[in-house]
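Hi everyone, thanks for coming.

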Amino acid sequence: MRISRRAAAATAVLVTSALALTACGSSEGSGGSDSASGKVEGQVTFQTWNLKANFKNYFEGVIADFEKKYPDAKVKWVDQPAEGYPEKLSADAAGGTLPDVVNVSPDLAYPLAKAGLALDLEKAAGKYRGEYLDGAWRSNRMPGMPGVYAFPWYLNTGPTFYNKELFTKAGLDPAKPPTSYDQLFKDAVTMAKKSGRKIAMLAGTPSVEDFGRYGVRLMNAQGTEFTFNEPKGVELLRHYKDLYAAGALDSQALTAQAESAGRKFQQQSVAMNPGSAHDLENFKKEAPSLYRHIGITDAVNNTGKANMYVQGLMVNAQSKVKPAAVAFAHFVTDKKSQMAFAKEVTIFPSTKGSLDDPYFTKEDGTDATRVRVASAKSLKTAVNYTPVLLSDQMKTVLRNAVAKAVQSKQSPQAALDGAVAACNRLLKTG
């Protein structure tokens with residue numbers, strides 16, 4: 001299981017079903033308010049997303065500790081498989097059987113919040129806000145809605161790996177990998193020229209996260225329209241078009257998946273690629289000649305902030321045990337519980353101060369520690385660049401527009417104008 005997973009492809013199904021509930025109202029059974037005050041008692045149903053197989057002992061321990069602290073409360077843990085998780089949430093939302101505490105990513109929380117099924121934690125549990133990293137807390141704000149609709153839970157980000165030997169052969173300083181997009185584009189062209197177009201710097205076209213890291217305004221302030229066709233977005237796409245023409249972008253970048261891009265990097269035909277500690281361990285076993293020359297750096301950005309992948313715990317606004325549900329969601333996401341979870345698997349706590357722990361700051365010479373320290377440092381100020389309203393269908397629209405522009409089948413401006421228009425139509429009809 002990849003902890004840093006994004007929402008599954010069926011998010012749109014959840015949007016449709018959950019939004020349909022707004023017409024029925026959602027105050028029934030919720031006590032008529034967002035208050036979570038009262039005695040912590042009753043049975044809390046807690047649903048996670050594909051975590052039981054590998055972390056059963058950890059979660060059973062957390063639940064036991066919670067029940068010891070609150071003897072009048074009990075927790076029933078339900079774990080759902082990764083496949084079909086959005087559909088399961090949709091069915092529960094439509095049937096009124098949504099668990100009290102639910103593991104969600106921000107894009108899965110949005111339709112539930114819109115339908116009035118997610119508790120506003122700024123109202124119900126605002127006293128806890130100071131415990132979490134600002135970027136993590138804000139990641140569960142929803143466009144056009146006041147409040148925050150899930151406790152931040154575990155985070156992830158990834159460094160970028162680069163091949164120091166390929167940098168040296170191209171006359172680039174292996175101790176100074178690009179940190180800005182301008183430098184990346186310049187170095188990429190140099191790499192292609194010096195290698196006779198045999199080595200590409202990159203293996204993939206820009207995703208919405210790249211537009212965000214470049215400094216493009218992705219949506220308007222109201223969160224009602226996409227705006228990534230602004231001049232800065234066009235500028236980014238024009239650069240990628242130029243890279244493709246120069247051989248600085250791999251010839252298969254238009255169709256490449258993350259796995260194939262990783263293989264290109266492992267074969268040393270691509271000089272830079274995002275990755276994780278797991279990838280680094282694989283390089284050591286499967287590609288020792290590459291491993292000897294691996295460099296680790298932050299993902300390139302113009303904003304000074306890395307991208308953050310975030311998972312959260314949402315509290316059902318209709319829960320009949322709301323005080324206990326809020327108390328349990330906070331208990332699972334507090335500093336102690338998150339630190340313990342981070343030592344079970346390669347994830348990062350969303351609580352303030354946790355990333356200053358020696359576990360995240362001191363290297364011991366192992367591969368896992370090298371990546372962990374680099375990632376933890378960038379997460380302190382990271383943000384989630386992907387808009388919660390961007391569905392998988394919209395991501396496909398953007399990907400197709402990028403491909404047309406990169407191949408010079410359409411101008412960057414026309415491609416992005418078309419993509420924005422299509423995404424805004426989907427936004428209105430979704």
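**Rings, charges and helix packing**

Let's start with Asn273, which is placed in strand 6 (residues 272–274). Before going on, a word on where this comes from: the model is predicted, so local features need pLDDT of at least 70 and side-chain atom pairs count only at pLDDT 80 or more, while totals for chains, interfaces and linings use all residues. Residues are numbered from 1 along each chain as its sequence is written, and side-chain values use heavy atoms, with hydrogens and water left out.

When I say helix or strand, I mean DSSP runs numbered from the N terminus: helices are H or I with at least four residues, strands are E with at least two.

Back to Asn273: is this residue buried or exposed? With a relative accessible area of 10%, Asn273 is buried. Buried is under 20% relative accessible area, exposed is over 50%, and partly exposed is in between, using a 1.4 Å probe and protein chains only. Leaving aside residues up to four places away in sequence, Asn273 touches Thr160, Phe161, Ala261, Gly262 and Phe265; touching, or contact, means heavy atoms within 4.5 Å.

One of those neighbours brings us to the rings. Rings of Phe, Tyr and Trp (its six-membered ring) pair if their centres lie within 6.5 Å; planes under 30 degrees apart are stacked, over 60 edge-to-face, and the rest tilted. How many aromatic pairs does this rule give? The count is 29. Take Phe66 and Tyr70: their pair is tilted, at 5.0 Å centre to centre with 45° between the planes. Phe66 is buried at 0% relative accessibility, whereas Tyr70, at 23%, is partly exposed.

Now Phe161 and Phe283: their ring centres are 5.7 Å apart and their planes at 75°, so this pair is edge-to-face. Because Phe161 lies in strand 5 (residues 160–163) and Phe283 in helix 12 (residues 277–286), the pair ties together parts that are 122 residues apart in sequence. Both partners are buried, Phe161 at 1% and Phe283 at 5%.

Ring pairs also build a cluster, whose members include Phe55, Tyr58, Phe59, Phe66, Tyr70 and Phe341.

Helix 2 (residues 52–69) packs with helix 15 (residues 335–342) at an angle of about 165°, with their axes 11 Å apart. Axes here are lines fitted to C-alpha atoms, for helices over the stretch in contact, and angles run from 0 to 180 degrees between N-to-C directions. Helix 2 and helix 15 are therefore roughly antiparallel, the word for angles over 145 degrees; under 35 is roughly parallel, 65 to 115 roughly perpendicular, and the rest oblique. Which residues make the contact? Helix 2 brings Phe55, Tyr58, Phe59 and Val62, and helix 15 brings Ser337, Gln338, Ala340 and Phe341.

In helix 15, the buried residues are Ser337, Gln338, Met339, Phe341 and Ala342. They pack against helix 2, strand 4 (151–156), helix 14 (322–333) and helix 16 (358–361).

Last stop, Tyr359. The charged end of Arg372 sits over the Tyr359 ring, 3.7 Å from its centre, and the charged end of Lys343 sits over that ring too, at 5.4 Å. To qualify, NZ of Lys or CZ of Arg must be within 6 Å of the ring centre and within 35 degrees of the ring normal.
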